[in-house]
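Work through the exercises below with the sequence and the structure open. Each task is followed by a solution in steps.

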Amino acid sequence: MSTIRLTAAQAMIRYLSAQMTEDGERFIDGVWAIFGHGNVAGLGEALEKAGNAMPTWRGQNEQTMAHTAIAYAKAKKRTRAMAVCSSIGPGATNMVTAAALAHVNRLPILLIPGDVFANRRPDPVLQQVEDFDDGTVSANDCFRAVSRYFDRISRPEHLLTALPRAFRVMTDPANCGPVTLAFCQDTQAEAYDYPESFFEPTVWRIRRPAPDAQDLSDVVALIKAAKNPVIVCGGGVIYSQAEETLGDFATRHGIPVIETQAGKSALAQSHPMNFGASGVDGAESANRLAEAADLVIGVGTRFQDFTTGSWTLFNEPGRKLVSINVQGYDAGKHGAIGLIADARIALEKLSEALGNHKASAFDPQSRLNWLAKVDAHCSARTNTPEGYLPLDAEVIGAVQRTSTDKTIAMCAAGTMPGALKLLWQAPQAGYHMEYGYSCMGYEIAGAMGIKLALPQRDVVCFVGDGSYMMANSELATAVMRRVPFTVVLTDNRGYGCINRLQMGTGGEQFNNLYKDCNVEQQPDIDFVAHAASMGAHSVKAKDIADLEAQILAARDRAIPTVIVIDTDPMHGPGENGGGHWWDVAVPEVGTTEKLKEARSSYVENMTRQNLVN
Ligand SMILES: Cc1ncc(C[n+]2csc(CCOP(=O)(O)OP(=O)(O)O)c2C)c(N)n1
Ligand SMILES: [Mg+2]
């Protein structure tokens, strides 16, 4: 056996550069890295020598670098990913939140935190967490709960099994998620005679498992028997690239589609079978279908509470639940009859078996009524009231009017995810929402990841002032790397959505908007100057018309543009919608009348939850 003598770090990077997609590209596009104690000498040396065979990029924060990597993988529909490499201790634990985000959203990312010395000789080292009773614990054990595969590389030969396993996880449609390879600092530097064959180029094909024949015929029988079936289109439809197949299936068999946050834009909003999203921030047309359905067919969905109205939707007595999912865990949830398979293959096989079967009629008008309502809701007010501040819906309208088929609207937390779910009329593939973890601070870093993945698209990043304050510094990275996107920063001077939620659950306005915070002086944060200081083009839009003009002007810039607009914090987007209930626990005892009222309406809503199927 011919071998090559490499350090473990050199071997890891060499292996990463030889793992390919079916299209002949590297599966790992490159490595985001911030060096420090625990990776600068080992992995740092290996990455420097790798050069373009495995490019290295420096960001500003390990969490947000990982957000960029995750957004990249989501935009690539999990066909490619990036790695993120950190020092030990704080650099490593900064990535734990991002690992959780990737875990919830089932997205591939390779995290390589540095770890303590395997030989323990210099212990305790700088940044080492010392467990009094367990000598094997390090800060990186925090990753265990939020990694799909966690390993600690404490001998060079561990890589021979750990690296193939890592790629198997990241390219497996069912188990896809974050992989953490915690890499002991002394091991990174240790030499070993690796077999040359280990570094041969390997192609990772993403499998498309077919459904079990008996399960398939059971589901066919259920669909044939159903009077009011409805399809719930989840993110799995997009990951399996089943968008066209789903649209054809829905049309051919007369089954209307409602969408989840992750599934939105699998079908264009203009698709005649797309009835919009369900749930608390959902469309009337979708929620009525969800209430009346006698058969719910989930395709690639986790049935999260924002889709199910915390299970007060889909509560028609006797209704059946089918879950088409490549992951058995999801396929079996809530008593669902599972079809464990790739979404596209499952829909093709179902359609074949259903032949010309078409479900009985549904009301196509409800969708048109809803779309007309959306248009009205997003139009800017012309009879400007006294003390007028634009609404979030009007901001969305402005972006919508300037958007094209190339536009991708993206967001993660705050008012805008719910508002966009309800109001954004996406072209196919025109929506990127991180709403599995809904992590404030994903937005700017995520926008950069999308643009890196899809350079030909126009990325519009919706971010609230709160999320912007939480993480914005990858804006500087985007300026340096010349990655343009447009940030629409809605400044409502605090956490608007949580303030409304607080009021809606019987609480007093407290600790959300700055006006209700325990401070000596009210802030007047100059977001335009802040973004400009990082090199972005930044402007304040004075009104909705100005916002539209600024978005158009941003389109051809080579750097990010940040457009700040003051908005009204008090009015949510759902006020005119047909939103459903969402379970947020209200205190059982309290002093105010409004809290007591909120509690009794909460208790009443709980009785509508259909938990047993
Ligand atoms: C990391 C993180 N912390 C806390 C939350 C809870 N949270 C969700 S939205 C929100 C406020 C968002 O404020 P802002 O970005 O200004 O949006 P707005 O609702 O005001 O438009 C908070 C605190 C979260 N989703 N993520
Ligand atoms: Mg805000």
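## Domains and annotations

The protein chain is assigned three parts: domain 1 (3-203), domain 2 (213-367) and domain 3 (379-566). The model is predicted.

## Between domain 2 and domain 3

**Exercise 1.** How many residues of domain 2 and of domain 3 are in contact, and what area is buried between the two domains?

Solution. 
- Step 1. The C-alpha centres of domain 2 and domain 3 are 31 Å apart.
- Step 2. In contact are 17 residues of domain 2 and 16 residues of domain 3.
- Step 3. The two domains bury about 1400 Å² between them, and carbon and sulfur atoms give 52% of this area. On the side of domain 2, Gln261, Lys264 and Ser265 lose the most area to domain 3, together 45% of what that side buries.
- Step 4. Between the two domains, 11 residue pairs are in polar contact, and the rule finds one salt bridge across the interface.

## Buried helices

**Exercise 2.** How many residues of helix α17 and of helix α16 are buried?

Solution. 
- Step 1. A residue is buried if its relative accessible area is under 20%.
- Step 2. In α17 (residues 415-423), nine of the nine residues are buried, so this helix is largely enclosed by the rest of the structure. Among them are Met416, Leu420 and Lys421.
- Step 3. Lys421 also forms a salt bridge with Asp281, with the closest N and O atoms 2.6 Å apart.
- Step 4. In α16 (residues 392-402), 10 of the 11 residues are buried, so α16 too is largely enclosed by the rest of the structure. The cover over its buried residues includes α15 (365-378), α17, β19 (458-464) and α23 (544-554).

**Exercise 3.** Is Thr307 buried or exposed?

Solution. 
- Step 1. Thr307 lies in helix α12 (residues 305-308).
- Step 2. Its relative accessibility is 4%, so Thr307 counts as buried.
- Step 3. Leaving out residues up to four places away in sequence, Thr307 touches Val232, Thr260, Ser278, Gly279, Leu313 and Phe314.

## Salt bridges

**Exercise 4.** Which parts of the chain does the pair Arg80 and Glu25 tie together?

Solution. 
- Step 1. The structure holds 28 salt bridges. In one of them, Arg80 pairs with Glu25, the closest N and O atoms being 3.6 Å apart.
- Step 2. Arg80 lies in the loop between α3 (62-75) and β5 (81-86), and Glu25 in the loop between β2 (19-20) and β3 (28-33), so the pair ties together parts 55 residues apart in sequence.
- Step 3. Arg80 counts as buried at 9% relative accessibility, whereas Glu25 is partly exposed at 35%.
- Step 4. Glu25 and Arg80 are linked with Arg26 and Asp29 in a network of salt bridges.

**Exercise 5.** What separates Lys596 and Glu593 along helix α24?

Solution. 
- Step 1. The side chains of Lys596 and Glu593 meet in a salt bridge (3.7 Å, N to O).
- Step 2. The two residues are three residues apart in α24 (residues 593-606), so about one helical turn separates them.
- Step 3. Lys596 counts as partly exposed at 44% relative accessibility, and Glu593 as exposed at 52%.

Notes:
Residues numbered from 1 in each chain as written. Chains lettered and ligands numbered in written order. Predicted model: local features only at pLDDT ≥ 70, side-chain atom pairs only at ≥ 80, totals over all residues. Heavy atoms only, no water. Buried < 20%, exposed > 50% of the residue type's maximum accessible area, 1.4 Å probe, protein only. Helix = DSSP H or I, 4+ residues; strand = E, 2+ residues; numbered from the N terminus. Domains from an automatic or database assignment. Contact = heavy atoms within 4.5 Å. Buried area = accessible area lost by both parts, 1.4 Å probe. Salt bridge = Lys/Arg side-chain N within 4 Å of Asp/Glu carboxyl O. Polar contact = N/O pair within 3.5 Å; in protein donor to acceptor, adjacent residues only side chain to side chain.
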